[in-house]
Amino acid sequence: MPEQLVFAMEVSLNGLMTGVMYALVALGFVLIYKASGIFNYAQGVMALFAAMTLVGIQEGRVPFSHLINAIFGTEVHHLPWHSVPALFAILLTVGVMIAFAWLVQKVVFKHLVGQEPIILFMATIGLAYFLEGVADLMWGSEIRTLDVGLPQGINLVIDETTFNWFGYGFFIDNLDIVASVVAAILVAGLVAFAQYTKQGRAMRAVADDHQAALSVGISLNFVWILVWSLAGFVALVAGIMWGSKSGVQFSLSLIALKALPVLMLGGFTSIPGAIVGGLIIGVGEALFEFTIGPMIGGATENWFAYVLALVFLVFRPQGLFGEKIIERV
Amino acid sequence: MTMMHYEPHVTSDGRTIGNTMMEMKNITLRFGGVVAIKDISFDIREGEIRAIIGPNGAGKSSMLNVISGFYKPQEGEVWYLGEKRGPMRPFEVARQGIARTFQNIALFEGMTVLDNIMTGRLNHMSASFLDQAIWWGKAEREEVANREKAEEIIDFLEIQAIRKTPVGRLPYGLKKRVELARALVAEPSLLLLDEPMAGMNVEEKEDMSRFILDVNDEFGTTIALIEHDMGVVMDLSDRVVVMDYGKKIGDGTPDEVRNNQEVIDAYLGVAHD
């Protein structure tokens with residue numbers, strides 16, 4: 001097999017893995033958008049916040065320690081323990097994200113029911129910056145390493161197998177494989193939840209028609225808190241994966257920007273769309289960089305996704321899987 | 001008033017009209033300076049078909065929205081099953097056993113007919129989240145029972161052929177019927193119908209009338225409905241409230257209402273002074 005083709009295969013595989021990571025972030029957007037029509041600009045910051053909280057709990061840091069020390073002149077930084085078991089820390093973080101969801105609904109969106117989408121969008125921008133500030137104040141702005149015990153480094157099985165086949169071993173990171181498996185489980189879980197549970201059905205009903213949902217006894221408030229909690233949970237999963245990969249730092253919130261082209265491709269209202277969109281962008285940008293990149297000076301990953309999304313906007317504005325908006329007259 | 005001598009009894013066609021189920025006492029509803037409902041009182045009795053009629057803009061829909069909790073009246077009291085109702089949100093009213101349909105149809109357009117109808121059973125699902133997650137015990141039994149009830153209503157309303165069709169693709173008349181099915185499957189004690197026959201042709205109106213009578217007869221469901229087609233209402237209902245400009249101008253059996261001078265004036269458009 002020609003060498004170039006083998007390289008291209010490795011690049012595509014790695015692109016797929018990156019795509020899964022994009023899809024994880026995009027999923028959170030889709031959940032909230034479907035159920036409440038809110039485009040949640042804060043999704044990326046939520047992932048950052050979740051990851052920071054997780055690290056903070058794991059390392060036994062005192063939240064808001066700088067603030068506390070500044071006000072009371074104390075010197076508290078750490079709780080008596082120094083390493084909390086990962087699973088326990090994750091559960092606590094889920095609790096924090098649910099509390100956050102409840103608070104967001106109670107303080108912000110409850111008062112904005114029935115407002116224009118653009119106003120809701122603006123509110124989420126405000127929320128994003130507010131949450132970023134809170135995250136900073138709560139846990140500090142240092143870059144931290146997140147380790148919840150996920151396997152990392154080259155997968156030797158794939159390396160060996162591909163070496164035997166092509167005479168060239170592929171470099172696939174174990175973490176990326178774990179991320180793919182987790183993403184698959186997450187999506188299957190979300191779909192099953194939406195289809196088969198009472199709460200999931202209520203969620204779909206609210207996504208479809210508020211008035212009708214009320215008339216069959218569904219509390220909109222409950223469903224919205226539920227949806228924000230789910231989005232918080234998805235943000236946590238994305239935060240764990242990205243945090244393990246590249247450290248927990250404020251630039252994590254920027255990965256949310258990559259979710260935008262993913263959503264334009266896949267459609268804002270489709271969970272499978274978020275996955276497929278993520279994969280296409282992941283593979284697309286990797287292959288583009290590999291083939292065209294060297295000719296035009298490289299660094300095409302920075303813009304390729306957005307150009308692809310623009311092309312989609314022109315020819316298929318609802319995305320691959322999105323609902324086409326038909327106005328009946 | 002004519003309603004004073006209206007006691008529990010058995011109708012000529014063998015249905016039982018029982019005690020007061022719902023009572024509206026001196027309801028006043030304003031939107032800013034506009035008075036939509038002005039000091040209206042009436043009751044709904046168990047087992048009856050109660051109609052609220054009136055010309056366009058009379059405040060009929062507002063009244064239905066007060067009953068179902070979508071609007072909150074500034075003055076007056078709502079009594080349901082012998083208890084005064086506190087401030088309640090629409091979903092809480094629905095959970096009390098009051099189901100409704102809407103004048104301009106509120107269905108889940110993206111779901112199939114069956115899924116739409118199944119949402120009407122949401123309040124009959126009480127299995128814990130964990131049971132639902134692993135599809136075990138109570139969750140399974142409930143789902144089977146809910147599905148059976150849904151199929152029963154589907155048969156009853158003769159919509160078997162479209163059960164898997166997405167609602168968005170259905171013609172208007174069938175949508176109305178699916179909406180009725182979703183309300184019925186909740187096994188409500190009180191069913192509210194907001195202009196169930198609006199926009200229908202004669203044949204569809206006849207079908208719908210038959211279904212309404214059958215629901216009342218077979219399930220014993222108490223029904224309150226709004227219509228402005230006088231003819232249909234008079235044939236269907238046991239008692240009629242007539243509204244005009246937010247006020248009640250008549251209340252009684254169809255015959256009594258038909259001969260009420262004020263009602264005749266309102267419908268023929270005699271000038272108000």
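In this predicted model, the place where the two chains meet draws 17 residues from chain A and 22 residues from chain B. On the chain A side, two helices, α8 (198–208) and α9 (210–215), each put in at least two of the residues that touch chain B. Of these, α8(A) gives the largest share, with six residues. Sorted by kind, the chain A residues that touch chain B come out as seven nonpolar, six polar and four charged.

One residue of chain A gives a closer look at its surroundings. Leaving aside residues up to four places away in sequence, A:Ile218 touches A:Ala202, A:Ala205, A:Val206, A:Ala213 and A:Val223 within chain A. From chain B, B:Phe91 and B:Leu122 also touch A:Ile218. As a general point, nonpolar side chains in soluble globular proteins tend to be buried together.

Now for chain B as a whole. Its fold is built with ten helices and twelve strands. Taken along the principal axes, the C-alpha atoms of chain B fill a box of roughly 65 × 40 × 40 Å. How does the radius of gyration fit in? A compact globule of 273 residues would have a value near 19 Å, and chain B has 19 Å, so the two agree. Buried residues account for 41% of the 273 residues in chain B. Contacts also reach across the sequence: of those in chain B between residues at least 6 apart, 68% join residues at least 24 apart.

Some of the strands of chain B come together in an open sheet. Four of them line up in the order β4-β3-β6-β7, with antiparallel pairing. At the edges sit β4 (34–45) and β7 (83–84) of chain B, each of which pairs on one side only. Inside the sheet, strand β3 (residues 20–31) and strand β6 (residues 75–80) of chain B pair in the antiparallel sense over five bridges. To pick out one pair of residues by name, B:Glu23 stands opposite B:Trp79 in β6(B).

Terms used. Residues numbered from 1 in each chain as written. Chains lettered and ligands numbered in written order. Predicted model: local features only at pLDDT ≥ 70, side-chain atom pairs only at ≥ 80, totals over all residues. Helix = DSSP H or I, 4+ residues; strand = E, 2+ residues; numbered from the N terminus. Rg over C-alpha atoms; globule rule 2.2 N^0.38 Å. Buried ≥ 20, exposed ≤ 12 C-beta atoms within 10 Å, placed from the backbone. Contact = placed C-beta atoms within 7 Å. Nonpolar A, V, L, I, M, F, W, Y, C, P; charged D, E, K, R; others polar. Pairing = 2+ DSSP bridges.
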